[in-house]
Amino acid sequence: MSLQVETGALDDAAAIEAADPGEMLRQVASAAAQIREAQRTAAEAGIGRLAGEERPRAIVVAGMGGSAISGDVLAAVAGAGCPVPIMTVRGYQLPGWVGATDLVMAVSCSGSTEETLTVAAEAIRRGCRLLCVGAADSPLEELAAQVNGIFVPVRSVGQPRATLWGLTIPLILAARELGLVEAPDEVLEATAARLEEVSNRCRPSSEPFLNPGKHLALDLAGAVPMVWGSSPLAGVAAYRFACQCNENAKYPAVYGGLPEADHNQVVAFDGFFGASRSGGDFFRDRTEDSDTGLHLVLLRDTEEHPQVVKRREVSVELARARGVAVTEIAAEGDHPLERLATLIALVDYATVYLAIALGVDPSPVSAIQELKTRISSL
């Protein structure tokens with residue numbers, strides 16, 4: 001298969017701007033501002049009310065697509081030591097065990113996502129406590145008002161997937177008020193500052209060999225990304241990577257996490273896509289690439305199980321021995337929120353630059369819109 005990669009499209013800031021009419025890069029760059037704005041709006045919405053309430057038996061986050069990953073981020077930041085389970089529901093139904101002692105967090109950037117509204121309505125029928133995050137003056141806000149639930153309004157920066165931190169921070173603040181997450185204001189500000197640092201490194205005017213987002217995008221163009229996280233936290237970033245490849249670059253990707261990937265996905269190194277016939281030369285002429293091979297991207301957390309460290313090292317050795325290109329990306333920061341944010345930020349930039357390098361507009365999601373239209377007519 002031959003793939004045309006416009007490497008020169010990433011050399012010039014003006015060319016990048018022209019190739020990004022929906023301003024997806026600007027939306028990605030708003031991440032730090034989203035954290036700060038979400039703190040204000042959550043406080044104004046009365047998130048502090050949760051501090052005086054009884055700890056829930058479980059937290060269920062209901063959402064779809066770019067809104068649903070907020071639940072994954074919450075669970076990753078809370079970590080394995082969280083005293084209550086946190087799960088994300090992507091669909092129309094609450095698990096049968098969910099009841100009045102549980103807290104349901106319904107998240108929808110538009111406030112009108114069909115599946116999320118269905119789950120929120122079911123939560124009300126079961127007597128669950130309800131926290132809603134989404135667009136103001138939306139059906140989701142109306143549902144929250146029915147039971148005097150907390151509603152945190154979110155201002156979309158454009159696409160729901162780009163409003164990740166505006167949707168996620170209210171959930172983290174809610175968990176903090178319930179005593180489930182240690183995330184003081186200092187950590188939130190440190191996370192915002194790290195997001196600003198990544199944005200500076202990945203700015204459109206930065207040269208590809210200095211810009212980690214552009215560099216990764218060019219490395220992946222023409223390959224099949226297999227993205228693994230080295231911890232549950234990094235696994236969330238791996239999932240985000242695959243989703244952003246799909247939506248931003250309209251490009252396939254496989255995600256997984258260690259140690260599980262070593263029990264299945266690693267075998268793909270020996271298959272048809274295992275041999276990277278294009279090699280790993282960053283300065284090669286990609287217009288001559290004619291074959292598609294795997295490219296293993298390892299998202300590394302700073303906190304890894306000792307056995308996972310061994311598995312990660314051996315997995316890299318196996319991949320390279322079979323001609324599979326490997327890129328390792330390390331998280332930055334001490335707090336789980338900081339570490340996850342730095343991984344996700346680079347993922348977001350790289351997938352937008354991948355779209356531009358492939359001549360694809362990163363903003364539209366035409367297939368999703370067509371799908372919704374056709375379903376509504378049935």
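Visitor: Which residues lie nearest the centre of the largest cavity?

Guide: This is a predicted model, and a search of the whole structure finds one cavity of 30 Å³ or more. About 100 Å³ of space lies in the largest cavity, and 15 residues line it. Of those lining residues, the ones that lie nearest its centre are Val28, Ala31, Trp165, Ala345 and Asp348.

Visitor: Which helix gives the largest share of the lining of the largest cavity?

Guide: Five helices each supply at least two residues of this lining, namely α2 (24–28), α3 (31–44), α7 (164–177), α8 (185–201) and α12 (336–357). By class, the lining has nine nonpolar, three polar and three charged residues. The largest share, four residues, comes from α12.

Visitor: How are α3 and α7 oriented to each other, given that their axes cross at roughly 45°?

Guide: The axes of α3 and α7 come within 8 Å of each other, and they cross at roughly 45°.

Visitor: Are α7 and α8 roughly parallel or roughly antiparallel to each other?

Guide: The axes of α7 and α8 come within 12 Å and cross at roughly 160°, and α7 passes α8 in a right-handed crossing. The contact is made by Trp165, Ile169, Leu173 and Arg176 of α7 together with Asp185, Leu188 and Leu195 of α8, and by class it has five nonpolar, no polar and two charged residues. An angle over 145 degrees counts as roughly antiparallel, and α7 and α8 are therefore roughly antiparallel.

Visitor: Is the crossing in which α4 passes α10 left-handed or right-handed?

Guide: The axes of helix α4 (residues 65–78) and helix α10 (residues 232–249) come within 9 Å and cross at roughly 165°, and the two helices are therefore roughly antiparallel. As for the handedness, α4 passes α10 in a crossing that is left-handed.

Visitor: How much space lies in the largest pocket?

Guide: Helices α4, α5 (114–125), α10 and α13 (366–376) each supply at least two residues of the lining of the largest pocket. By class, this lining has 11 nonpolar, 12 polar and six charged residues. The space in the largest pocket is about 840 Å³.

Visitor: Which residues of the lining are the closest to the centre of the largest pocket?

Guide: The largest pocket, with about 840 Å³ of space, is lined by 29 residues. Of these, the closest to its centre are Met64, Gly65, Thr113, Ile368 and Lys372.

Key: Residues numbered from 1 in each chain as written. Predicted model: local features only at pLDDT ≥ 70, side-chain atom pairs only at ≥ 80, totals over all residues. Heavy atoms only, no water. Axes fitted to C-alpha atoms, helices over the stretch in contact; angles between N-to-C directions. Parallel < 35°, antiparallel > 145°, perpendicular 65-115°, else oblique. Left-handed = near helix turned anticlockwise from the far one by under 90°. 1 Å grid on protein atoms, 1.4 Å probe; cavity = no way out; pocket = protein on both sides within 12 Å on 5 of 7 lines; lining within 4 Å. Points joined across faces, edges and corners; volume = space filled by probe spheres on them. Nonpolar A, V, L, I, M, F, W, Y, C, P; charged D, E, K, R; others polar. Contact = heavy atoms within 4.5 Å.
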